[in-house]
Protein chains: 2
Amino acid sequence: MERRKFLNSLGGVTGALIATPVIAAESKPQTSVIKEIETIMPGLWKFTIGKPEKITPQSTRMVEPALASMQNLPVVAACPTKPVGEVNSRGVLVRLGLTKDEYVYGLGLQLQSFQQRGLKKMLRVNADPLADSGDSHAPIPFFVTTSGYGILIDTARYATVYMGNKKYKPKQVPKEIVDKNGNDGWNALNGPYERLGLGLDSEILIEIPRCQGVDIYVFGGPTMMQAVQRYNLFSGGGALPPRWGLGFWYRVQSDFTQDQVKGMADYFRTSKIPCDVIGLEPHWQTHSYSCTYVWGERFGNPAQMVKELKDDHFRINLWEHAFVHPKSPIYEDLLPHSGDYEVWEGLVPDFIGKDARQIYGDFHKKEHVDIGVSGYKADECDNSDFTGNWSFPELSKFPSGADGEQMHSLIGLRYQDTIMAVFNEKKQRTYGLVRSSGALASPYPFVLYSDLYQHRTFIHGVAQSGFSGLLWTPEVRHAVSNEDLIRRMQTVVFSPLAMINAWYLKNAPWKQIERKANNEGRFAENWEQLEAQCREIIELRMKMIPAIHAAFVRYHQQGIPPFRALVMDYPADPAVRNISNQFLLGDNLLIAPVVEGEKTRKVYLPEGDWYDLWTSEKFSGKQEYVFNVPLNLIPVFVRAGTILSLAKPTLHTEDPESWQLTVFVYGENSQPAVLFEDDGSHSPELNEVKLVWDNKKQKGSLLRSGKYAGPKYSVTEWKFIR
Amino acid sequence: MERRKFLNSLGGVTGALIATPVIAAESKPQTSVIKEIETIMPGLWKFTIGKPEKITPQSTRMVEPALASMQNLPVVAACPTKPVGEVNSRGVLVRLGLTKDEYVYGLGLQLQSFQQRGLKKMLRVNADPLADSGDSHAPIPFFVTTSGYGILIDTARYATVYMGNKKYKPKQVPKEIVDKNGNDGWNALNGPYERLGLGLDSEILIEIPRCQGVDIYVFGGPTMMQAVQRYNLFSGGGALPPRWGLGFWYRVQSDFTQDQVKGMADYFRTSKIPCDVIGLEPHWQTHSYSCTYVWGERFGNPAQMVKELKDDHFRINLWEHAFVHPKSPIYEDLLPHSGDYEVWEGLVPDFIGKDARQIYGDFHKKEHVDIGVSGYKADECDNSDFTGNWSFPELSKFPSGADGEQMHSLIGLRYQDTIMAVFNEKKQRTYGLVRSSGALASPYPFVLYSDLYQHRTFIHGVAQSGFSGLLWTPEVRHAVSNEDLIRRMQTVVFSPLAMINAWYLKNAPWKQIERKANNEGRFAENWEQLEAQCREIIELRMKMIPAIHAAFVRYHQQGIPPFRALVMDYPADPAVRNISNQFLLGDNLLIAPVVEGEKTRKVYLPEGDWYDLWTSEKFSGKQEYVFNVPLNLIPVFVRAGTILSLAKPTLHTEDPESWQLTVFVYGENSQPAVLFEDDGSHSPELNEVKLVWDNKKQKGSLLRSGKYAGPKYSVTEWKFIR
């Protein structure tokens, strides 16, 4: 079946909805097994209850499923779970069985929790969620379980999920009553085990308000990882950032002029600190809250600036949000294609509709992308209940038929579509940031971020986002100490987007961490030492690019998250179920970031042997260690058998020397490693580069396949580690 | 009209609903001015939109309005606001005008915000709300504005309120665009003034989900205070605690035995520290999570213990929650009268129905109240999204027809009814605690509390709760330092319920603030000094009882909150609009609690002259002062013209010497003060005691009216302060 046809058959925007209402929407609730209406393909099933809404993540999606790649996943013969559901006066209720030892992960970006069984979440889009209530920049009604399947509830409503610890009352007085908290061992919450509803078969309850039907997609595994892969491929396959996107990013102070921007670029080059992307913050526009998208007086000749920077191998990324100021040239055109409420006196474009996307995209193309702008930071597209209530109300109405609640769940997604379409049209790749996302998001080359700033929370985000097709950056803004700055820098270089966001600092944070002094140009004593430390950390990022890029190619082709929690690779190991302060980069690197104040660090190593990246010392897995953590090093462990390629650190990714590799072979039983040479084009040509070590001969070889004729990897040195 | 008849006419539980659907519930939304169906009485109007639900705060209320008292309020000729509304596919939308300089207060207990204009709230019952999202132990769809009226949306749904900062988009490009944050003065949120939607006429938007109609009550003022009074009197009039309830409370460690309880009582008496009420925590029962309500083996003879303590002038208050354990004798009887989901393996009684109230109440009467128990601490009746998700789901069903969402909004209220009915039947007064409450709550002699423990938040609660017919205690549990303990003690003695909740401490916290050492009996050095400081603070409470009691009588008779924010008395003074760290006790005392670490304290004194309670120094009002705040003193200011009576501090309120007053006359133009002698009975006989100062003769007199023949106030000394 052709892709477009397939998408249509699923009820895409241009197709008819497939909806077989098996339960009529009546005031009297009615429970029924939902009719299993469709085996979409081996390992993917769709159930329909009632009459689904017109506006959903699936119905408004713009990217087609990666059907061919899905065929490479293992066959799953039987649907691993059978939803039960009803339409009632409260909306739709979906119930799903949960076995007694099943753990649950996902629900989009959940910064305040990891394993979800036992918890309740209302999946409401919100900026800066302090409490573990389900409010999130990117809540998603998708989750996977350790039983090896995933569930997507195709709704743009704020669904409420009870993750498996509710029990019906008995019909009569129970005959056997276990005394759980009488006179001995009293515990208000009955202990974490019971609190999570473990030890008993249970069920997941999902309420979707304000609707009379919903589609439910079941993604088979058979492993949890494969269920995630299937979801990511169904979403369209993982994003593949251009190589420059994996370099280092620096966002300059918001009110910088064109000359100051160029000055900062010069600083990076003359100080020999790697940087590939410079980000501009709100003030580049004539008006920014709401936005005009028009270069302001600080930028006399933006086209020339962008070109000069490009010649110096810098890309430019522009901050913006989607609320359109009356002075913006597109305001009038967008008036009929926007919601009925304004935000910051600006229009809210209805990106679900083609017209708004076209008007918005065309202007961005003409004003920015045509002169060389490489991408955007799409801010403020989440909701704002906790942060000043500045966004549009949930009762808003949009021309597409969406209400404000649905639009809050979808605007982050369709905003990414709008921007991506500009680059698609120009056959370019982009990479950027977005503050809200949602279901089926894996193909979008946008990374989530937050104004929250707990370092631990930020580390958690790297691990937790991987369950739901999301990318997350623990961006570095300010620091309370040199140690804090170093620790945060060490974390961000092991993330999808390595960035300092210095929007309120005139000078690089290592020159002066104290904001006022920084802006007054009073530098810290010995700042050069801190600069050197930060340079070294950024160089570590540059060394890691071949490995990170290869992990992204696997995300793109196979749906395997490049950064992910340990439990995704080791679902049967009870020790990793709650670990979100360590994560995997690709298949073979285990990262255990350290936060300020920690002198030692507990690290759990899963099964197998692992090597300390820095000392090459070998450790047996399936146990926890306590390591000393010297400030200059972030704990990184390499799985035995890995062939790890580190690039020569260069000032930017266009330096030909960045293709020179030092290859480390960890142990005698090494497995071939695969890297990819990427031509950077829109539909990239990828050479597959296989690195193989012959242990007998103690000799390595590089085997290339593919037609890309640009810069190529070469191995400067092979190092065998016993 | 008779009270019962009147209540019925409003659609009480025994009456028919008055519902005139002016807008049919259709899928197509329809906006319309709601028909003003009823002027209930001068100053109170009811509007109906669509077909209201059967289960609401008003339809399930058990206490009748204090009609006679309402007649004493000023006549308000015209309804001060006209709601507009519609029934649509999202539920009901209510819109209310808001003028450009109108400020809004209330929405029940809102621990994270004070003035509500500009904010969004979803009024969802939840324990321990960390974020300002509307989650609350006691959210209430009632608010008042500085324009002098109150609004009650009569719903048990989780309504969402947008408090006046949303604007429709214009029909065309605005001709005049004020550049607010272009190149100069950039501010993402447009400054607090605009963020609150001030400076422009705006509207309040209220969405009520899952219903097809709602009643809206408008309470006229003409002042904000009088609107609150009208609401409180409509609710039934404010609670009047028995005099012992205003003494000092101490909750002992949860696993204390009968002898340990008596030992703690002895300690208070021999150490000469006042105490009127001892509270028992979970372990007094055979099983407590869920509850049996049956005395456990730690209490060999509870009746005797209660009697012995009563003879020593202690009351006993019992902790419990409403979730009924299978071993409870009432479990089987309650099975058909409870919700379909269990909590902690216990039943959730349907207190909206008479049967559940009767079964539950009868057992409590027999087991506890008949042997002398004075009241309860009704725990855990809020929801638990953030704290382990232990409560019943919103999709639960109850025999009364309520679903779980409605029950979460109502269970705290109907639980209070259930307990109050037991005491009503015995013609006794009670005073206790409850962790959730809601609309129309002022008549309930129950005080709210929280597991949250920020001292500043707790102070805020005293001021903020007064807008919505709620009482709040900043209970003292542990302390991080002696200073913290003293500061918290100083706050709690100026609150509706002065209590230490030492449920996890074997010894009084002043003996050892460190938990482990406390429980091991290792006391701090010089603990006697800290004990003496705390004794003095508790004695201050005992001195204040006549004033606090009189304020409660005004709450009872006139609906005036005994503890309240300054803005309620000074709505026109812009300086007090955001002050929630000071509050008024009655009409004449201004309390400005201090938190640990503060060496000075800013205090705003409103118009008039004020005297420092401790130094008698006089200060002119309408200005802010910075005071030094020595640790032993909490800043308290007395309005010029006040005649303040301080009681002789005694060990309990039954000591006849507690009626001996020292009377302080503040300034030459003193106004007569009124205290009340209270016989403590169910329908109390109250003598009115007027204290008058003749400035010429420099002589005071006490004028008594009433028939109560028990202990009487006498003045030991008059002190004139110039």
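## How the two copies line up

Copies are superposed by least squares on the C-alpha atoms of residues with pLDDT of at least 70 in both. This is a predicted model, and chain B can be laid on chain A with an RMSD of 0.0 Å. Getting there takes a turn of 180° and a shift of 0.1 Å along the axis. That is the relation of a two-fold axis. The two copies also use the same surface, as 100% of the contact residues of chain B recur in chain A.

Searching the whole structure turns up 92 salt bridges over all chains. Let's start with K120(B). What does K120(B) pair with at 3.0 Å, counting the closest N and O atoms? The partner is D385(A), in a salt bridge. The pair crosses between chains: K120(B) sits in strand β7 (residues 120-122) of chain B, while D385(A) is in the loop between β18 (375-379) and α9 (404-425) of chain A.

K120(B) also forms a salt bridge with E394(A), with the closest N and O atoms 2.4 Å apart. E394(A) lies in the loop between β18 and α9 of chain A and K120(B) in strand β7 of chain B, so this pair joins two chains as well.

Are these residues buried or exposed? K120(B) has a relative accessible area of 3%, so it counts as buried, given that the cut-off is under 20%. D385(A) is buried too, at 6% relative accessibility, and E394(A) is likewise buried.

## Other salt bridges

Over in chain B, the side chains of R564(B) and D569(B) meet in a salt bridge, at 2.7 Å from N to O. R564(B) is buried, with a relative accessible area of 1%, whereas D569(B) is partly exposed at 24%.

Salt bridges link E53(A), R157(A), R210(A), D403(A) and E405(A) with R90(B) and E207(B).

## A mostly covered helix

Now for helix α11 of chain A, which spans residues 482-492. How many of its 11 residues are buried? The count is 10, so the helix is mostly covered, with buried meaning under 20% relative accessible area.

Conventions
Residues are numbered from 1 along each chain as its sequence is written. Chains are lettered from A and ligands numbered from 1 in the order in which they are written. This is a predicted model: local features need pLDDT of at least 70, side-chain atom pairs count only at pLDDT 80 or more; totals for chains, interfaces and linings use all residues. Side-chain values use heavy atoms; hydrogens and water are left out. Contact means heavy atoms within 4.5 Å. A salt bridge is a side-chain nitrogen of Lys or Arg within 4 Å of a carboxyl oxygen of Asp or Glu. Helices (H or I, at least four residues) and strands (E, at least two) are DSSP runs, numbered from the N terminus. Buried means under 20% relative accessible area, exposed over 50%, partly exposed in between (1.4 Å probe, protein chains only).
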